[in-house]
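This report describes a single protein chain for a reader who is new to structural work. Please keep the sequence and the three-dimensional view at hand while reading.

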Amino acid sequence: MSNKEFSEKLKAGIELAGKRMLEEKALRGENVIVSTDGKTIEHIPATQLL
């Protein structure tokens, strides 16, 4: 397996894990904590991010 193939599989796995995390949080009615600029912290319902 080349480095490019490994990187692509790793990226796909991370994206899948993130999607599953959002789905789980949405089912439980939880928020996701997001910081876009490194200073401001926002609590956003997971359902809004799906």
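The sections below move from the whole chain to its elements and then to single residues.

## Overall architecture

The structure is a predicted model. Its protein chain contains two helices and two strands, and from the N terminus on these elements follow the order α-β-β-α. The radius of gyration is 14 Å, well over the 10 Å that the globule rule gives for 50 residues, so the chain is more spread out than a compact globule. The C-alpha trace spans about 40 × 30 × 10 Å along its principal axes.

How much of the chain counts as buried? Of its 50 residues, 12% fall in that class. The protein chain exposes about 4400 Å², and carbon and sulfur atoms supply 55% of this area. Among contacts between residues at least 6 apart in sequence, 17% join residues at least 24 apart.

The chain carries 8 positive and 8 negative charges.

## Helix H1

Helix H1 covers residues 3-27, which makes 25 residues.

Within H1, Leu 22, Lys 25 and Ala 26 are buried. The cover over the buried residues of H1 includes strand E1 and helix H2, the latter formed by residues 46-49. An α-helix has 3.6 residues a turn, so residues three or four places apart point the same way.

Ile 14 also belongs to helix H1. Is this residue buried or exposed? Ile 14 is exposed because its relative accessible area is 56%, and the cut-off for that class is over 50%. Ile 14 and Met 1 are 13 residues apart in sequence, and their C-alpha atoms are 18 Å apart in space.

## From the helix to the first strand

H1 is followed by Gly 29, whose phi is positive, near 70°. Gly 29 is located in the loop between H1 and E1. With a relative accessibility of 63%, Gly 29 counts as exposed. From Gly 29 back to Gly 13 there are 16 residues in sequence, and the distance from C-alpha to C-alpha is 24 Å.

## The strands and the loop between them

Strand E1 comprises residues 31-34, and strand E2 comprises residues 42-45. Val 34 lies in strand E1. Its relative accessible area is 26%, and therefore Val 34 is partly exposed; this class lies between the limits of 20% and 50%.

Which residues does Val 34 touch, once its neighbours within four places in sequence are left aside? Val 34 is in contact with Thr 40, Ile 41, Glu 42 and Ile 44. Val 34 and Ile 44 are 10 residues apart along the chain, and 7.3 Å separates their C-alpha atoms.

Thr 36 is placed in the loop between strands E1 and E2. Its relative accessibility is 68%, so Thr 36 counts as exposed. Thr 36 and Arg 20 are 16 residues apart in sequence, and the distance between their C-alpha atoms is 21 Å.

Note on methods
Residues are numbered from 1 along each chain as its sequence is written. This is a predicted model: local features need pLDDT of at least 70, side-chain atom pairs count only at pLDDT 80 or more; totals for chains, interfaces and linings use all residues. Side-chain values use heavy atoms; hydrogens and water are left out. Helices (H or I, at least four residues) and strands (E, at least two) are DSSP runs, numbered from the N terminus. Buried means under 20% relative accessible area, exposed over 50%, partly exposed in between (1.4 Å probe, protein chains only). The expected span of a helix is 1.5 Å times one less than its number of residues. Contact means heavy atoms within 4.5 Å. The radius of gyration is taken over C-alpha atoms; the globule rule is 2.2 Å times the number of residues to the power 0.38. Accessible areas come from the Shrake-Rupley method with a 1.4 Å probe; for residues, only the protein chains shown count as cover. Lys and Arg count as positive and Asp and Glu as negative; His and the chain ends are not counted. The place of a charge is taken as NZ of Lys, CZ of Arg, CG of Asp or CD of Glu.
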